[in-house]
Amino acid sequence: MKWLINHWEDVLIALGEHVAIALTALVIASVVSLALGIWAAKNERVYRVSLAVSGFLYTIPTLAFLALLIPVVGLGKTNAIICMVAFSLMILIRNVATGIREVPEEVTDAARGMGMHPAEVLLRVELPLAMPVIVAGLRIAAVTVISVTVVGAYVNAGGLGTLIFSGMSNDFAPKIWTGAITACALAVVADLSLARLESRLKARAV
Amino acid sequence: MFIEAWEYLAGHQAQFLAALWRHVALSASALAIAAAIAVPLGVRLADKGGSALVAINAANIGRTLPSLAVLALVMPIMGTGFAPSLFALTLLALPPILINTHTAIRQVDPDIVDAARGMGMTALEIVRKVELPIALPVIFAGIRTAAVQVVSGAVLAAYIGGGGLGDFITAGIAMMALPQLLVGAIPATLLSLGTDALFASIQRALTPAGLRAR
């Protein structure tokens, strides 16, 4: 506790770094997945191939993935971010594609009948209706990315894992506690707030 | 680089096999203990209201916790080694199995349970002969998720002295010795993929013929 009072600034910096890395990865993964997910929703083969590839990536153990990237990109933030993007793809692509596919055909037919372009149908009908499912995917991806960032500290990406690792190597429990509990709290907060967003979107859709 | 990794492996065969064995033993024990706790608990909680809600919410929170944070939290309390790693990995494996078992049993059609009761089955028989077989594929999906998570988590157990393939990775990163790093990372990846494939095929085999058509 004494350590925390004297070092709360370090903890805040680590937390800020953690959030920044996780957000960067999440934004990149969302852009890629939105494009691939929309394509996959319209094309069965793209759907199957993209889910098989991203499912394969998802199964690789975090630390092994980070380690395998070292010969390619070395240590640092880039390494961790590539790993996190790869892990989020499966969840996000699956949810974007499923969300769009679940839009009833009558609805898209009606939109087309009103004279909408395919692009308009996608942007104004399909994506808004798919939003609750997409946000559900974003929620799982956010938790995954926060969890991977903790390990990412070992390849010098920074974040809350730094506190855990330095506490472990110095055998200093307060640092371990602070890093680990803050990381858990961050994951729970991200999960709960996206869950709330998800249920609000669902309520609006009905 | 791969040739060097192969040479490193050839030179450290005994050490590698010991680490691989420890990795498998650690993962398999954690999974077995977690399943032995979470499946009966999930079945029992399925027909309860309040206490089930508490347990499932706790499991949902448990599911979001970062693996490394859980391992790290165990260390100041239990120290380092096999037992603390086993404890932490078991904790990580519990939520997916509990949640899936609970959901699976609740999704069993009440009409089927009624019919079984009408045939004179006891409560225990209904669980054993009706609810569990129908729920088994979903329960096993939870065990599969947990298995992959535990194999991945066991790599991180190297940090708290759990041993396993993670030892090669952490040592490889610390000394920037790429061959050593690959000797840990590649087998760990293959082990995880193999576990997923193995459990997927068991899951398929366990699905009752009548439910498979869907």
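**Chain B as a whole**

Keep in mind that this is a predicted model. Of the 214 residues in chain B, 43% are buried. If you look at contacts in chain B with a separation of 6 or more, 74% of them are between residues 24 or more positions apart.

**The nonpolar core**

The largest nonpolar core has 122 residues, and L71(B) and I169(B) are the ones that touch the most other members. Helix α5 (residues 77-101) of chain A gives this core its largest share, 15 residues. What does L71(B) contact, once its neighbours within four places in sequence are left aside? The partners are A88(B), L156(B), A157(B), Y159(B) and I160(B).

**Where the chains meet**

On the chain B side, 31 residues are in contact with 30 residues of chain A. The elements of chain B that put two or more residues into that side are α3 (50-64), α4 (67-78), α7 (123-156), α8 (166-174) and α9 (178-206). Among them, α9(B) makes the largest share, with 9 residues. Sorted by class, the side of chain B that touches chain A has 22 nonpolar, 8 polar and 1 charged residues.

**A helix pair: α1 and α9 of chain B**

Besides touching chain A, α9(B) also packs against helix α1 (residues 2-11) of chain B, at an angle of about 75° and with the axes 8 Å apart. Angles of 65 to 115 degrees count as roughly perpendicular, and therefore α1(B) is roughly perpendicular to α9(B). From α1(B), the residues making the contact are E4(B), A5(B), Y8(B) and L9(B). They meet P179(B), Q180(B), L182(B) and V183(B) of α9(B). By class, this contact has 6 nonpolar, 1 polar and 1 charged residues.

**A closer look at I105(B)**

I105(B) is found in helix α5 (residues 82-106) of chain B. Is this residue buried or exposed? I105(B) is buried, because 23 other C-beta atoms lie within 10 Å and the cut-off for buried is 20 or more. Leaving aside neighbours within four places in sequence, I105(B) is in contact with G42(B), V43(B), A46(B), E131(B) and A135(B). A25(B) is another story: I105(B) and A25(B) are 80 residues apart along the chain, and their C-alpha atoms are separated by 30 Å.

**Two positive phi values in chain A**

Over in chain A, N156(A) has a positive phi near 65° without being a glycine. D171(A) is also not a glycine, and its phi is positive too, at about 50°. N156(A) lies in the loop between α7 (118-152) and α8 (161-169) of chain A, while D171(A) is found in the loop between α8 and α9 (173-205) of chain A.

| Residue | C-beta neighbours within 10 Å | Class |
|---|---|---|
| N156(A) | 14 neighbours | partly exposed |
| D171(A) | 11 neighbours | exposed |

Why does D171(A) count as exposed? D171(A) has 11 C-beta neighbours inside 10 Å, and exposed means 12 or fewer. N156(A), with 14 such neighbours, counts as partly exposed.

Terms used: Residues are numbered from 1 along each chain as its sequence is written. Chains are lettered from A and ligands numbered from 1 in the order in which they are written. This is a predicted model: local features need pLDDT of at least 70, side-chain atom pairs count only at pLDDT 80 or more; totals for chains, interfaces and linings use all residues. A nonpolar core is a set of buried Ala, Val, Leu, Ile, Met, Phe, Trp, Tyr and Cys residues joined through C-beta atoms within 7 Å. Helices (H or I, at least four residues) and strands (E, at least two) are DSSP runs, numbered from the N terminus. Two residues are in contact if their C-beta atoms, placed from the backbone, lie within 7 Å. Ala, Val, Leu, Ile, Met, Phe, Trp, Tyr, Cys and Pro count as nonpolar, Asp, Glu, Lys and Arg as charged, and the others, Gly among them, as polar. Axes are lines fitted to C-alpha atoms, for helices over the stretch in contact, and angles run from 0 to 180 degrees between N-to-C directions. Angles under 35 degrees count as roughly parallel, over 145 as roughly antiparallel, 65 to 115 as roughly perpendicular and the rest as oblique.
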